[in-house]
Number of protein chains: 2
Amino acid sequence: MKKTAKIPYAAIERLALYSRPLRVLLKNGITVISSEKLAEYCGVNPAQVRKDLAYFGEFGVRGVGYDVTDLLREIKSILATDRDWTLCIIGMGNLGNAIVENENFRNMGYRFVAAFDKDQEKHGKTLPCGLIIQPVEKLRHLVKLLNVQIGVITTPPDEAQRVTDLLVDAGVKGVLNFSPTQVKAPKGCVIENVDFAVRFENLAYHLSKVPRE
Amino acid sequence: MKKTAKIPYAAIERLALYSRPLRVLLKNGITVISSEKLAEYCGVNPAQVRKDLAYFGEFGVRGVGYDVTDLLREIKSILATDRDWTLCIIGMGNLGNAIVENENFRNMGYRFVAAFDKDQEKHGKTLPCGLIIQPVEKLRHLVKLLNVQIGVITTPPDEAQRVTDLLVDAGVKGVLNFSPTQVKAPKGCVIENVDFAVRFENLAYHLSKVPRE
DNA sequence: TTTTGTGAAGGAATTCACAGCA
DNA sequence: TGCTGTGAATTCCTTCACAAAA
């Protein structure tokens, strides 16, 4: 496929989805997979799988399928999850704790190197993962010192934009915002807003359309 | 707008996004908002806002804008978040705890009435919200007894499909799956897969494209 | 005058269908 | 024969541009 083809935003998200069953197949010793099977596991169209992969190269063998190990490696390389990323997190409530302690993320190479909260009570507390909760005032200094690449926001929504501004000011280039508000940042900083209450509302909408038993 | 118009899937998610600034405006005593302003808050096109709303009715006043209170009420009604929903949750790890204790969800009318885990150690433990962790064996009985409408899955991925099947069998009509695997259910049960590790991978991809300083 | 509601235009993403290759 | 890679067709979604209404 042409190197110049525009890659749909959604294609990137699907690559991550494709990697999930690939990990399982690899563990189970299955070495080859067809686009049809992979599509079935992920609930998408087989042509979609082939096209998504073709944006980045020719990874398959005609008449055979895709080598599981190779394909997984390629996807990890495309998504840049074949390397470690250094992150910090701001807002150590329940959600913040859940994310910082998550085994799954740790295994994926997301390394949290600092945790912040504005609540004085929490300062100095050691988390199970070993990090010590720091006051937000130290954010700028620690981000630079520890070379933090991504900031994860798990504060209440009314603090999210201020925290984003702090992160941008400290030189962070990527922000993952879990609070239910859309934060903005100047060009040069990539924002991912992950309001997952939206998914509850989406589900409620679809359920309300379905005839009740 | 015609009642027969097909409503884009994404429009529903945006309605939820529109509701976020509306809540803030309401609290601040602002009574009227234009599509342009609302669009700006949410980072979308003003025509998009108007079209999304027009799928469901004529909520605005030409030359004026939208009444904040009315619009918020309409959106809540459309998303069916103007009523309470009864939920259960399976998998009481860090993420499960974070979700069940979340103030935000509670305020939105999502009422958790049962919590399950397969780990015997946890059975009988009382959560801060007052629920007692139950063995998964009791799921079917309790779902029916408590009239659970939505099941929330926060188990490891290799258990997610089995739990989904249990939920469907017990008569649950909606499932929100937070584990990093796509679960399936027969028609009649609505599934929302919310793999948010995908958002990390998405961010990593975009950061790896950006020239490093 | 201002801002909504919406048909029409435009753009983007998905799916089809088949050529190309192992 | 079987399955990938991909141009073409299709479907879906967004944005434009302006008539309609307050």
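## Surface near DNA strand D

In this predicted model, 30 residues surround DNA strand D, a residue being near a strand if its C-beta atom, placed from the backbone, lies within 6 Å of it. The closest are A:G60, A:G63, B:N45, B:R62 and B:G63. Two or more residues each are given to this surface by helix 2 (35-42), helix 3 (46-54) and strand 3 (65-67) of chain A, and by helix 1 (9-27) and helix 3 (46-54) of chain B. Helices (H or I, at least four residues) and strands (E, at least two) are DSSP runs, numbered from the N terminus.

Helix 3 of chain A gives the most to the surface near DNA strand D, namely five residues. By class, that surface divides into 14 nonpolar, eight polar and eight charged residues. Ala, Val, Leu, Ile, Met, Phe, Trp, Tyr, Cys and Pro count as nonpolar, Asp, Glu, Lys and Arg as charged, and the others, Gly among them, as polar.

## Basis of the model

Residues are numbered from 1 along each chain as its sequence is written, while chains are lettered from A and ligands numbered from 1 in the order in which they are written. As the model is predicted, local features need pLDDT of at least 70 and side-chain atom pairs count only at pLDDT 80 or more, whereas totals for chains, interfaces and linings use all residues.

## Relation and contact of chains A and B

The same surface serves both copies, since 100% of the contact residues of chain A recur in chain B.

In the interface, 48 residues of chain A are in contact with 48 residues of chain B, contact meaning that the C-beta atoms of two residues, placed from the backbone, lie within 7 Å. Helix 9 of chain A supplies the largest share of the side of chain A that touches chain B, 12 residues. That side has 27 nonpolar, 13 polar and eight charged residues.

## Residue A:Y205

A:Y205 is found in helix 9 of chain A. Leaving aside neighbours within four places in sequence, A:Y205 is in contact with B:I12, B:I78, B:L79 and B:A80.
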